[in-house]
Amino acid sequence: MEFRPSDLIKGYHVHIYYDGGSKQWAGHLRREVAKRWPQAELGRWRDKAPQGPHPQSHFQIAFEAKLFPEIVPWLALNRKGLSMLVHPNTGNGYDDHANNDMWIGPSVQLRLDYLRKFEEEQRKKKQAAA
Ligand code: ZN
């Protein structure tokens with residue numbers, strides 16, 4: 001039996017999904033996260049959906065692995081009905097979204113076919129550049 005060590009994880013993303021009715025709360029969370037964890041990186045609002053593998057409007061929070069035990073439980077306590085994807089970053093985007101995903105609240109069906117194609121194209125580009 002082979003187990004993957006957690007030190008493969010370079011950091012985490014949380015993708016916070018929202019719609020017209022929940023965007024205001026998502027905005028409150030966004031401002032509060034920026035205030036509490038200035039070292040976390042906030043992605044821009046992605047109103048247009050679908051975008052990449054994400055079927056709903058969302059924004060992303062990126063942070064170092066050591067912030068996980070602070071940020072993730074805080075988001076769970078304050079999600080107020082929002083769905084949030086939490087995934088580690090190991091260098092394999094497909095695997096991180098398709099197989100290594102964790103959810104705060106109900107999960108959202110990601111567009112994994114899109115992601116698979118995207119990762120393949122990136123691999124081809126890298127090979128062509130090498
Ligand atoms: Zn992500």
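**Exercise 1.** State which charged end sits over the ring of Trp25, and at what distance from its centre.

*Solution.* The charged end of Lys80 lies over the Trp25 ring, 4.1 Å from its centre. The criterion is NZ of Lys or CZ of Arg within 6 Å of the ring centre and within 35 degrees of the ring normal. Arg30 is likewise placed over the ring of Phe59, with its charged end 4.8 Å from the centre.

This is a predicted model, where local features need pLDDT of at least 70, side-chain atom pairs count only at pLDDT 80 or more, and totals for chains, interfaces and linings use all residues. Residues are numbered from 1 along each chain as its sequence is written, and side-chain values use heavy atoms, without hydrogens and water.

**Exercise 2.** Classify the aromatic pair of Tyr17 and Trp103 and locate both residues.

*Solution.* Rings of Phe, Tyr and Trp (its six-membered ring) pair if their centres lie within 6.5 Å; planes under 30 degrees apart are stacked, over 60 edge-to-face, the rest tilted. By this rule there are 7 aromatic pairs. Tyr17 and Trp103 are 6.2 Å apart centre to centre with 20 degrees between the planes, a stacked pair. Tyr17 is in strand β1 (residues 11-17) and Trp103 in strand β5 (residues 102-104), 86 residues apart. Strands (E, at least two residues) and helices (H or I, at least four) are DSSP runs, numbered from the N terminus.

**Exercise 3.** Decide whether Tyr17 is buried or exposed.

*Solution.* Buried means under 20% relative accessible area, exposed over 50%, partly exposed in between (1.4 Å probe, protein chains only). Tyr17 has 1% relative accessibility, so Tyr17 is buried. Trp103, at 24%, is partly exposed.
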